[in-house]
2 protein chains.
Amino acid sequence: MTMSAGVEWGVHVCLLLAQANGGLVRRRAIADHFGLPEAYLAKQLTKLVAAGVLDAVPGPAGGYRLASDPKRITLLNIVEAIEGTRSSFVCTEIRRQGTGAADPSECVADCTVKSAMLAADNAWRQALRAQTVNDLSSRLSDSVRRRYASTARR
Amino acid sequence: MTMSAGVEWGVHVCLLLAQANGGLVRRRAIADHFGLPEAYLAKQLTKLVAAGVLDAVPGPAGGYRLASDPKRITLLNIVEAIEGTRSSFVCTEIRRQGTGAADPSECVADCTVKSAMLAADNAWRQALRAQTVNDLSSRLSDSVRRRYASTARR
């Protein structure tokens with residue numbers, strides 16, 4: 001079970017934008033900073049804008065910025081923007097099929113297996129929700145913060 | 001980010017085998033019980049055997065059984081048997097590339113982003129590790145347990 005590399009990109013981009021103090025950063029500058037293909041980066045940025053994590057301002061003087069205070073953007077917001085909100089557990093309701101199939105009247109509630117798997121998925125999301133862009137930003141090394149700020153304020 | 005349907009199958013199979021009290025259950029009986037394609041089920045069973053979750057006994061009187069006490073088999077054992085043990089977070093070390101690349105001397109430890117993502121992955125695994133086959137088995141409804149036992153002891 002793996003997330004796309006877009007999650008790594010998305011978090012680093014938000015940390016870079018957090019150094020811009022609300023200023024706009026051009027997509028090309030972000031792509032160059034991280035050595036990423038601009039077309040594929042654009043797809044990730046579009047997802048982050050659609051999810052309300054980033055604002056995009058079009059035009060020659062445009063760019064991207066965080067859509068809200070870095071204290072209010074969690075890792076879960078970024079992960080769900082890129083990966084979607086569906087549970088990692090795929091339930092195909094095998095309890096309803098085969099010679100051991102349950103009667104529909106038994107299947108009103110989630111089965112024991114699904115409940116336990118969803119609880120674990122929730123523990124993962126809760127851990128992501130507990131970390132904000134501001135938290136991570138405060139733990140960046142001085143040298144990384146300096147380079148992010150240099151790109152963000154160019 | 002999604003797991004394969006094999007995880008759902010694997011957990012239900014272990015719950016069924018837990019009703020066999022150490023007896024062997026034939027692959028065809030498991031496939032029929034859950035209405036699953038036997039060839040694809042075989043691939044999941046092979047993974048569970050390779051990971052030490054199940055024992056396979058070959059031959060006409062053979063079949064599958066849990067390799068240890070249901071109290072000692074966790075959901076994590078089953079998930080990692082099917083999905084592998086690699087973290088769900090894909091880190092491509094983008095901090096080392098582009099115009100903002102870090103010096104290799106800065107990259108001895110995991111970066112802030114990777115550390116936070118791995119912590120969340122660990123929270124998920126910990127929740128899976130906290131649930132055993134025995135725990136789930138004890139929460140099965142009487143009717144499901146009866147049908148599992150019927151197939152398991154056939």
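Contact here means heavy atoms within 4.5 Å. I noted that the model is predicted, so local features need pLDDT of at least 70 and side-chain atom pairs pLDDT 80 or more, while totals for chains, interfaces and linings use all residues. Residues are numbered from 1 along each chain as its sequence is written, chains are lettered from A in the order in which they are written, and side-chain values use heavy atoms, without hydrogens and water.

**Entry 1: A:Thr112**

I looked up A:Thr112 and found it in helix 5 (residues 112–129) of chain A; helices are DSSP runs of H or I, at least four residues, numbered from the N terminus. Leaving aside neighbours within four places in sequence, A:Thr112 touches B:Leu136, B:Arg139 and B:Leu140. Its side chain reaches the backbone oxygen of B:Arg139 at 3.4 Å. Is A:Thr112 buried or exposed? A:Thr112 is buried, at a relative accessible area of 13% (buried is under 20%, exposed over 50%, with a 1.4 Å probe and protein chains only).

**Entry 2: the interface**

I then checked the two chains together. In chain A, 51 residues are in contact with 51 residues of chain B. The area buried between them is about 4,500 Å², with 65% from carbon and sulfur atoms; this is the accessible area (1.4 Å probe) that two parts lose on being put together, summed over both.

**Entry 3: salt bridges**

How many salt bridges does the rule find across the interface of chain A and chain B? The rule finds 2, taking a side-chain nitrogen of Lys or Arg within 4 Å of a carboxyl oxygen of Asp or Glu. I looked at A:Glu106 with B:Arg147, whose closest N and O atoms are 3.0 Å apart.

Key:
Helix = DSSP H or I, 4+ residues; strand = E, 2+ residues; numbered from the N terminus. Polar contact = N/O pair within 3.5 Å; in protein donor to acceptor, adjacent residues only side chain to side chain.
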